[in-house]
Amino acid sequence: MRTSNPKKIPIRIILLISLIGLLVLSISGLIFSKYALKCSSYTIESNEMATDIRMVHLSDLHNSEFGEGNSRLLDMTRQQNPDLILITGDQLNLDEEDTSVAVDTVAALCETAPVYFSLGNHEVEYEKNFGTDVKALFESAGATVLEREYVDLQINGQNIRIGGIYGYCLPEKYFETGEADAEECAWLNEFQNTDAYTILMCHMPVSWLINDGLDEWDIDCVFSGHTHGGQVIIPCVGGLYGPDLGWFPGYLQGLYHSQDGSKTLVLSRGLGTTGAIPRFNNVPELVVVDIIPE
């Protein structure tokens, strides 16, 4: 008695199905990395805190919109009920003159909580390209813009100092190599000279990640962006490229700690994108940080 052999699927059909599947995954990864929005939540414990403070951290919007008028971003921010909103730069694009998306978004955010804003490289370059006073632009929207400036606040009965600086913030030991900036160091020494809990907005994270900034400076919590999470996130590998960090810099998101665990960098993978390479496998994020007593 003969038995029929199952028909083999031609190799070209298998390849075609595989290619279609890869194409679908690629398109989905691009769409989600441009239009989806995720809330990432972190908790930092500190023995300097007597009460809880909640902050929403936004970075690298790059004129992107999540819903009409950024409605989804604004709704997600409101749902977190923050005490403060921190924006660490690159809301604008350096080569796009229209500022309405960035400014209108900041103005709407100010209706939820006080907004503190520090400059990114795109704001600095935008000002050079178009002659606009970017600090005044965002202050007119209701934000407090801090560029080598700080304010002392009391939030929920807790004394905090919030500052902002655009620069690399290399520690003073880099004077030996000629890389540290004397004016930056002078300002950071003034900023850290307080008994209050210190929060610094600094767009570029490289010093805090690899140049011992968290260990050398006496600053409790630093908020940064700039790296876009590596732009393309490769499973089990991390980011494809990070500005100032090069190719395959690892995972560029979340919390990083000083060696003694007392100081923290909060690194956002951001909201928007620039350049020739789009975000991929890299969902835009709103970051929520609760700083609580230890």
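## Asp-152 and Arg-161

Asp-152 is partly exposed, with a relative accessible area of 48%. In this predicted model, Asp-152 forms a salt bridge with Arg-161, and the closest N and O atoms are 2.7 Å apart. Arg-161 counts as buried, at 7% relative accessibility.

## Other salt bridges

The count of salt bridges comes to twelve. One of them joins Lys-135 to Glu-139, with 2.8 Å between the closest N and O atoms. Lys-135 and Glu-139 are four residues apart in helix 5, so about one helical turn separates them. An α-helix has 3.6 residues a turn, so residues three or four places apart point the same way. Lys-135 is partly exposed at 27% relative accessibility, and Glu-139 is partly exposed at 35%.

Arg-148 and Glu-183 also meet through their side chains in a salt bridge, at 3.4 Å from N to O. This pair links distant parts of the chain, 35 residues apart: Arg-148 is in the loop between strand 5 (144–145) and strand 6 (149–155), and Glu-183 is in helix 6 (residues 182–191). Arg-148 is partly exposed, with a relative accessible area of 28%, whereas Glu-183 is exposed, at 59%. A network of salt bridges links Arg-148 and Glu-183 with Glu-147 and Glu-184.

## Nonpolar cores

The largest nonpolar core has 31 residues, and those with the most contacts inside it are Leu-58, Leu-73, Ile-85, Ile-87, Val-106, Phe-117 and Phe-138. At least two residues of this core come from each of strand 2 (53–58), helix 2 (71–79), strand 3, helix 3, strand 4, helix 5 and strand 15 (285–293). Helix 3 gives the most, with six residues. Another core, of 20 residues, lies apart from this one and includes Met-55, Leu-146, Phe-223 and Val-289.

With neighbours within four places in sequence left aside, Phe-138 is in contact with Gln-91, Leu-92, Ala-102, Val-103, Val-106, Phe-117, Glu-123, Ala-143 and Val-145.

In helix 4 (residues 121–130), the buried residues are Asn-121, His-122, Glu-123 and Tyr-126. They pack against strand 4 (115–117) and helix 5 (134–140). After helix 4 comes Gly-131, with a positive phi near 70°.

Asn-93 is in the loop between strand 3 (84–87) and helix 3 (100–109). It counts as buried, at 6% relative accessibility. The side chain of Asn-93 makes a polar contact of 2.8 Å with the side chain of His-62. Beyond four places in sequence, the contacts of Asn-93 are His-62, Asn-63, His-122, Tyr-126 and Thr-274.

## Ser-40 in strand 1

Ser-40 belongs to strand 1 (residues 38–46). Its relative accessible area is 6%, so Ser-40 is buried. The side chains of Ser-40 and Glu-285 make a polar contact at 2.6 Å. Not counting residues up to four places away in sequence, Ser-40 touches Arg-269, Glu-285, Leu-286, Val-287 and Val-288.

## A nonpolar surface patch

Val-237, Tyr-241, Trp-247 and Phe-248 form a nonpolar patch on the surface, and together they have about 440 Å² of accessible area. Phe-248 is in strand 12 (residues 246–250). With a relative accessible area of 51%, Phe-248 is exposed, because the cut-off for that class is over 50%.

Note on methods: Residues numbered from 1 in each chain as written. Predicted model: local features only at pLDDT ≥ 70, side-chain atom pairs only at ≥ 80, totals over all residues. Heavy atoms only, no water. Buried < 20%, exposed > 50% of the residue type's maximum accessible area, 1.4 Å probe, protein only. Polar contact = N/O pair within 3.5 Å; in protein donor to acceptor, adjacent residues only side chain to side chain. Contact = heavy atoms within 4.5 Å. Core = buried A, V, L, I, M, F, W, Y, C linked by side-chain atoms within 4.5 Å. Patch = residues over 30% accessible without salt bridge, like charges linked within 9 Å, V, L, I, M, F, W, Y side chains within 5 Å. Areas by Shrake-Rupley, 256 points an atom, 1.4 Å probe, with all protein chains shown as cover. Salt bridge = Lys/Arg side-chain N within 4 Å of Asp/Glu carboxyl O.
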